[in-house]
Amino acid sequence: MIRSLAQTRSKAPVIAALSFAFVGSIANPSFADAHEELTHSHGISTFGDLRYGPDFEHLDYVNVDAPRGGELSFSWSSGGFDSIHPYTRQGRAPVAANIFFEAMLEGTYDEVGSAYCLLCEEMAYPEDRSYVIFTIREEARFSDGTPVLAQDALFSYEILRDEGLPSFRAGIGLTIESAEVLDDRRIRFNFNPESPLRGRIQSAGGLPVFSEASHIASGIPFSDSRLEPLIGSSAYVLGSIDPNQQVIYERNPDWWGNDLPINIGRYNYDSIRIEYYGDASAAFEGFAAGNYTFRQESSSAQWATAYDFDKVTNGIIIRDTLPDGNISPGQSFVINLRRPQFQDPRVRQAIGLMFNFEWTNETLFYGLYAPIESFWQNVDHLTASGLPEGEELALLEPLREHLIPEVFEEEPFAFPTSDPDRAFDRRQARRALGLLEEAGWVPGDDGLLRNADGEVLEIEFLNSSPLFDRIINPYVENLRNIGFDARLTRVDNAQFTERERSQDFDIITDHFPMATEPGSGLRQYFHSVQGENSLFNPAGVSSPAIDVLVEAAVAAETQEELNVAVRALDRVLRWERFRVPQWDNPNYWFAYYDFYRHPEELPPYSSGFLDVWWIDQDAEAALRDAGAF
């Protein structure tokens with residue numbers, strides 16, 4: 001229901017890619033096709049056993065005695081918002097706009113690939129996983145007090161399938177063939193027999209459930225933006241909304257799920273307030289002034305130099321560095337493969353060679369970041385290495401005609417280390433010019449690179465953040481020094497969103513937040529059909545070989561099959577050279593007023609600050625009385 005801030009910032013796929021684990025079989029013909037034996041379970045896991053049994057009392061990483069109350073307040077400066085509806089391309093929704101909705105299943109922060117019943121009290125499915133039946137908890141209620149019924153789940157599935165985001169429609173259509181209401185509390189999802197077994201149940205169980213009555217009452221088409229959300233069943237409802245300025249989510253005092261074991265010790269804030277700022281500098285000033293009280297820092301320069309004011313020195317504000325066990329979000333300069341001048345991978349490689357990570361990190365980032373190579377950075381068993389061999393080579397061999405020889409003959413592509421002492425690395429420049437000459441781009445009399453038709457090699461960096469100017473400008477200058485007609489164009493957030501969605505850009509900064517157990521979400525990032533109009537495929541990746549590897553990963557039924565397919569995919573994606581990796585931060589950088597508290601042992605895959613932290617209200621009152629904020 002509630003994602004970590006790192007996840008809300010990124011554009012994670014909307015259909016989860018997990019799988020199943022048998023828990024026990026009980027014959028129950030009333031649920032199933034005649035005389036069919038079903039497996040009944042409280043949860044599922046892709047590979048191996050579930051961490052939590054059917055009678056678990058609470059998640060291991062929560063404080064069961066955490067007090068409830070107070071307000072979490074943080075800021076956002078990466079664009080505004082004009083809608084509260086996160087499931088349409090019309091308008092732009094604020095951070096965590098999916099907070100109102102629950103699904104049949106809920107994941108945890110200390111497992112990979114597991115999900116447990118939330119709205120449902122159990123799931124039941126046959127051995128071939130051709131369908132699943134979710135039985136909705138009798139006590140489940142929407143925030144208006146009406147019961148959550150199977151008809152609401154059916155409505156939610158059908159409207160997302162027919163009118164939701166293109167990525168929802170594509171993902172649902174590939175996996176779910178149909179759905180039917182069995183009675184008020186039971187819904188059956190029938191799966192496409194051609195879809196992979198792994199991930200079927202979670203693709204249905206991960207769909208948000210809306211109140212059908214609230215949609216009808218609104219009179220607003222589902223695909224339109226709106227400022228009044230559909231009614232959901234989660235811990236939070238909309239408190240107030242001021243477009244482009246502020247949104248407040250308030251905890252529902254009558255929330256039906258308070259006492260569920262999976263919710264114990266979570267959702268402790270009475271309200272969550274998000275303040276929007278026009279730029280990051282203004283947002284920082286707002287934090288220092290006490291306009292909001294919790295900050296996840298994303299700027300190394302700020303983290304290294306800006307926290308030397310009195311409130312930090314006096315201990316009113318705490319600076320906290322916490323380990324982040326997630327995969328790198330894959331922040332990169334993304335090259336638009338739809339542009340004719342970027343069709344040749346040698347051109348793309350030349351562009352990447354002129355970004356000097358080492359100089360940027362030492363000069364601008366105080367040496368706090370690490371480089372990125374793999375799409376599955378920090379997950380060794382999914383990262384390609386060495387030359388392909390064994391099962392990975394066997395998977396790649398039939399695709400040889402669609403792949404460049406380097407895939408088979410060289411180690412996975414990575415940009416070489418540059419000179420950290422100067423922004424312009426002459427050695428890299430010579431390499432880049434050699435590649436460009438091979439690709440047919442040579443300097444003209446004016447020094448600009450031109451092809452055989454006399455066309456100039458143009459490249460525009462599209463950017464909406466003033467803080468990125470200091471990073472992009474040296475990069476642009478390096479490219480201009482070797483003959484690119486390069487420029488930085490800064491636009492406002494609305495223009496950036498429009499140009500990104502209409503694919504009208506050369507290079508933008510974006511993310512590739514891969515999953516530890518990747519599945520059908522890969523299609524939205526890299527598949528030539530599903531990814532064609534996906535918001536998650538800004539580069540426009542389209543390759544028959546990549547399509548095959550994506551499907552191999554989606555279809556994997558064992559951990560080893562998945563490892564092999566993903567390593568092969570990582571290798572091929574890296575040799576496509578459509579992204580220039582920027583940097584990775586292996587830690588969370590938090591600054592907060594000294595009344596936020598968290599469990600001593602945080603889970604490995606999320607900081608949990610949105611739902612497992614809490615507020616020491618006595619400490620908050622003391623700071624407030626002292627005028628700290």
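The protein exposes about 24,800 Å² of surface, and carbon and sulfur atoms supply 46% of that. Keep in mind that this is a predicted model. Buried residues make up 56% of the 629 residues, and the fold is built from 19 helices and 25 strands.

**Overall size and packing**

- With 629 residues, a compact globule would have a radius of gyration near 25 Å, and the protein comes in at 25 Å, so the two agree.
- Taken along the principal axes, the box filled by the C-alpha atoms is roughly 80 × 65 × 45 Å.

**Charges**

- The protein carries 49 positive and 98 negative charges.

- You'll find D425 in the loop between α12 (406–409) and α13 (426–438).
- D425 has a relative accessible area of 7%, so it counts as buried, the cut-off being under 20%.
- The side chain of D425 reaches the backbone nitrogen of R427 at 2.9 Å.
- Leaving aside residues up to four places away in sequence, D425 touches N356, S418 and D419.

**Y267, positive phi under cover**

- Y267 isn't a glycine, yet its phi is positive, near 55°.
- Y267 belongs to the loop between β12 (246–251) and β13 (271–276).
- Relative accessibility is 1% for Y267, so this residue counts as buried.

- Q503 is another non-glycine residue with a positive phi, here near 65°.
- To locate Q503, go to the loop between α15 (493–501) and β21 (507–510).
- Q503 has 24% relative accessibility, which means it counts as partly exposed, the band running between the 20% limit for buried and the 50% limit for exposed.

**Quick recap of the loop residues**

- D425 is buried at 7%, Y267 is buried at 1%, and Q503 is partly exposed at 24%.
- For the backbone angles, go to Y267, with phi near 55°, and Q503, with phi near 65°.
- For a side-chain-to-backbone pair, go to D425 and the nitrogen of R427, at 2.9 Å.

Key
Residues numbered from 1 in each chain as written. Predicted model: local features only at pLDDT ≥ 70, side-chain atom pairs only at ≥ 80, totals over all residues. Heavy atoms only, no water. Helix = DSSP H or I, 4+ residues; strand = E, 2+ residues; numbered from the N terminus. Buried < 20%, exposed > 50% of the residue type's maximum accessible area, 1.4 Å probe, protein only. Polar contact = N/O pair within 3.5 Å; in protein donor to acceptor, adjacent residues only side chain to side chain. Contact = heavy atoms within 4.5 Å. Rg over C-alpha atoms; globule rule 2.2 N^0.38 Å. Areas by Shrake-Rupley, 256 points an atom, 1.4 Å probe, with all protein chains shown as cover. Lys, Arg positive; Asp, Glu negative; His and termini not counted. Charge placed at Lys NZ, Arg CZ, Asp CG, Glu CD.
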